[in-house]
Amino acid sequence: MRFGIVGLGRIGTFHANTLLTTLSVGALVVTDLAPGRAKQAVEKLGSDRVEVVDSMEALLEADVDGIVVSANTDSHAELIAACVDAAIPVFCEKPLASSCAAGAVLQKRLAGSAVPVQLGFQRRHDIAFAAARTAVRQGELGFITTIRSTTLDPAPYSQEFIESSGGMFRDCGVHDFDAIRWVSGQEVVEVYAVGANQGAAFFSDYGDVDTSAVVLTLSGGTLALVSNTRYNGRGYDVRLEVHGSEDSVAAGIDDKWPMRSTEPGARFPAEDPYPWYLDRFRDAYRREIEAFVDVAAGTIPSPCTIDDGLEADWIAEACLTSYRERRPVRIDEVRI
């Protein structure tokens, strides 16, 4: 099989390496909207099975079985549509589009298409998150009372990234929102979000926050709590706790969990914390692309559809409205 990649930054290059080494696909055809980046990435990959083309149009004509989109957010909707129009299965990093409105337009445009689209929410491919989902779906926990989801970055991204990120809820919290939907099997019906800034001034300049907390009411009666920050100096902390009437489980609590216990004599954690997202989710990212190879081959359906991606975005949009207006917001209020 031959695969294409558009966008060869850090994650795009990682996906390329996964396709070449772990999955051993026949060949890659790559391009990047930034001149010279594709050639630099090919040199880094060090493989003679990689071909560079100079445009997305050339990539679409390169006889590939699937295309991985890891370009900038503003181009996602256009690139997904181009792949589907060319009848090429496509994997795209979240978000679906630069705004919920643009995502809704794309969803309507592609409705009924048989060409598979997979969105990049890697937590769906993490072994511990999947085990938590299985425990819930098999009824091992009884009825679910509370879910706690956490994404704590060790330090902010660059100012340039924050400016175009879409904000805390849409860039960071959206992973928690998708994980909560996926694990619980319930829909989010209402949110109440708050945020704060104690770090760099540029967050406030862009109407963003560096720390947030959200209470979500789910369709089955479960309450979920989401906490996010750009300033967790001890390390990268991603967890999902699911508490039920019969049992409780947690994903993300291991010997690298960036939490220092103050209990006398406690020796936890036993190892250095995860420094960043790729260290924490390296295997999940690989399984995510492995799943896309199967999607492109037609052996499995997309594990994260356009509808899934847009639903997480609607939750983020409701959180932003809630934060700005200081009130609970139902998802139906913001959905177009």
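Axes here are lines fitted to C-alpha atoms, for helices over the stretch in contact, and angles run from 0 to 180 degrees between N-to-C directions. This is a predicted model, in which local features need pLDDT of at least 70 and side-chain atom pairs count only at pLDDT 80 or more, while totals for chains, interfaces and linings use all residues. Residues are numbered from 1 along each chain as its sequence is written, and side-chain values use heavy atoms, with hydrogens and water left out. Helices (H or I, at least four residues) and strands (E, at least two) are DSSP runs, numbered from the N terminus.

Let's start with helix α1 (residues 10-22) and helix α10 (residues 277-297), whose axes come within 10 Å and cross at roughly 55°. That angle makes α1 oblique to α10; the classes are roughly parallel under 35 degrees, roughly antiparallel over 145, roughly perpendicular from 65 to 115, and oblique for the rest. On the α1 side the contact (heavy atoms within 4.5 Å) involves Arg-10, Ile-11, Phe-14, His-15, Thr-18, Leu-19 and Thr-22. Their partners in α10 are Tyr-277, Leu-278, Arg-282, Tyr-285, Arg-286, Glu-288, Ile-289 and Val-293. An α-helix has 3.6 residues a turn, so residues three or four places apart point the same way.

Helix α2 (residues 37-45) also packs with α1: the two axes come within 11 Å and cross at roughly 45°. This makes α1 oblique to α2, and their crossing is right-handed. Here Thr-13, Ala-16, Asn-17 and Leu-20 of α1 meet Ala-41, Lys-44 and Leu-45 of α2.

How many of the residues of α8 are buried? The count is 17 of 17, so α8 is mostly covered; buried means under 20% relative accessible area, exposed over 50%, and partly exposed in between, with a 1.4 Å probe and protein chains only. The helix covers residues 168-184, and at 1.5 Å a residue its 17 residues should span 24 Å. The expected span is 1.5 Å times one less than the number of residues. The end C-alpha atoms of α8 are 23 Å apart, which agrees.

There is a bend of about 50° in α8 at Val-174, taken as the angle between axes fitted to the seven residues ending there and the seven starting there. Gly-173 also lies in α8 and is buried, with a relative accessible area of 0%. Leaving aside residues up to four places away in sequence, Gly-173 touches Met-168 and Asn-228. Leu-96 is 77 residues from Gly-173 in sequence and 15 Å away in space, C-alpha to C-alpha. After α8 comes Gly-185, with a positive phi near 75°.

## Where α6 meets α8

The axes of helix α6 (residues 127-137) and α8 come within 8 Å and cross at roughly 40°. That makes α6 oblique to α8. From α6, the contact is made by Phe-129, Ala-130, Ala-132, Arg-133, Val-136 and Arg-137. From α8, Ala-179, Arg-181, Trp-182, Val-183 and Ser-184 take part.

## Backbone details in the loops

Most residues other than glycine have a negative phi, and most peptide bonds are trans. Two cis peptide bonds are worth a look. One joins Lys-94 and Pro-95, with omega about 0°; Pro-95 is in the loop between β5 (90-93) and α5 (100-110). Another joins Phe-268 and Pro-269, also with omega about 0°, and Pro-269 is in the loop between β12 (248-251) and α10.

Asp-254 lies in the loop between β12 and α10 too. At a relative accessible area of 29%, Asp-254 is partly exposed. Setting aside residues up to four places away in sequence, Asp-254 touches Phe-268 and Tyr-274.

Which phi values are positive in a residue other than glycine? Ser-24 has a phi near 50° and sits in the loop between α1 and β2 (27-31). Ala-87 has a phi near 60° and is found in the loop between α4 (76-85) and β5. With 54% relative accessibility, Ala-87 counts as exposed.

Note on methods: A crossing is left-handed if the near helix is turned anticlockwise from the far one by less than a right angle, and right-handed if clockwise.
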